[in-house]
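Dear colleague,

My notes on it follow directly after.

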Amino acid sequence: MKIMVLNGPNLNFLGIREKDIYGQDNYQSVCKYIMDKFDDRDVEINIFQSNIEGEMINILQMAYFEKYDGVVMNPGAYTHTSIALYDAIKSINIPTVEVHLSNVHQREEFRHKSYTAPACVGQICGFGKEGYILAIEGLIVRLSEKISVNKQNI
Ligand code: DQA
């Protein structure tokens, strides 16, 4: 099972930006936290980050060409603006979970709307870095169920 984690703009500034909202951990340590959690599991995880919308679309298309089974995505502020990312998630047709470190629904009104969530199988917000772990676990369950359903059909 191959899962992509894709982080959007400003997430590389974790540990520097608004620590009261996003926590003290820097980006590298959050990535390490995710990788270590699944170290002994039968799942390949690759983490990407870009501050550029079009580059995020290229990375999502790469998930298609490289046959990823699932995507966990924190689109950052593009969540609230990007029809192009919505289209990209729809285009690749790979189960995608949207993650936000903060509880976007408790914050400014403009963060309540997600353009990307309707293209996703689910959304997790408000659990900090643990959200990535929950999203990956959810995808693993979902993908395993799909694999066993497919086997039954053979
Ligand atoms: C965020 C929430 C977004 O509203 C914000 O623009 C971010 C981070 C989060 O992880 O809580 O950059 O996606």
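In strand E4, Thr96, Glu98 and His100 point one way, while Val97 and Val99 point the other way, and all are buried; buried here means under 20% relative accessible area, exposed over 50%, and partly exposed in between (1.4 Å probe, protein chains only). Strands (E, at least two residues) and helices (H or I, at least four) are DSSP runs, numbered from the N terminus. In a regular strand the side chains alternate between the two faces of the sheet. Because five of the five residues of E4 (residues 96-100) are buried, this strand is largely enclosed by the rest of the structure.

Please note that this is a predicted model, in which local features need pLDDT of at least 70 and side-chain atom pairs count only at pLDDT 80 or more, whereas totals for chains, interfaces and linings use all residues. Residues are numbered from 1 along each chain as its sequence is written, and side-chain values use heavy atoms, with hydrogens and water left out.

Neighbouring strands

Strand E3 (residues 70-74) runs parallel to E4 and is joined to it by three bridges; two strands are taken to pair if DSSP finds at least two bridges between them. Val72 has Val97 of E4 as its bridge partner. E3 is likewise largely enclosed by the rest of the structure, since five of its five residues are buried. Gly70, Val72 and Asn74 point one way from E3, Val71 and Met73 point the other way, and all are buried. E3 also pairs with strand E1 (residues 2-7), in the parallel sense and over five bridges. In that pairing, Leu6 stands opposite Met73 of E3.

The chain as a whole

The protein chain contains five helices and five strands, and their order along the sequence is β-α-α-β-α-β-α-β-β-α. A compact globule of 154 residues would have a radius of gyration near 15 Å, and the protein chain, at 15 Å, agrees with this; the radius is taken over C-alpha atoms, and the globule rule is 2.2 Å times the number of residues to the power 0.38. The C-alpha trace spans about 50 × 35 × 25 Å along its principal axes.

Of the 154 residues, 44% are buried. Among contacts with a separation of 6 or more, 74% come from residues 24 or more positions apart, where contact means heavy atoms within 4.5 Å. The protein chain exposes about 8,300 Å², and 50% of this is supplied by carbon and sulfur atoms; accessible areas come from the Shrake-Rupley method with a 1.4 Å probe, and for residues only the protein chains shown count as cover.

There are 15 positive and 19 negative side chains, and the centres of the two sets lie 2 Å apart. Lys and Arg count as positive and Asp and Glu as negative, without His and the chain ends; each charge is placed at NZ of Lys, CZ of Arg, CG of Asp or CD of Glu.

Individual buried residues

Thr79 lies in the loop between E3 and helix H4 (83-92) and counts as buried, at 1% relative accessibility. Not counting residues up to four places away in sequence, Thr79 touches Glu98, His100, Lys113, Ser114, Tyr115 and Thr116.

Ile34 is placed in helix H2 (residues 27-37) and is buried at 1% relative accessibility. Beyond its neighbours within four places in sequence, Ile34 is in contact with Ile45, Ile47, Tyr132, Ile133 and Ile136.

Tyr22 belongs to helix H1 (residues 19-22) and counts as buried at 14% relative accessibility. Leaving aside neighbours within four places in sequence, the contacts of Tyr22 are Leu14, Arg17, Leu101, Ser102, Arg107 and Arg111. Tyr22 and Gly126 are 104 residues apart in sequence and 9.6 Å apart in space, C-alpha to C-alpha.

Positive phi angles

Lys67, although not a glycine, has a positive phi of about 55°. Lys67 sits in the loop between helix H3 (53-65) and E3 and is exposed, with a relative accessible area of 66%. Asn93, also a residue other than glycine, has a positive phi near 55°. Asn93 is found in the loop between H4 and E4, and is exposed with a relative accessible area of 67%.

With kind regards
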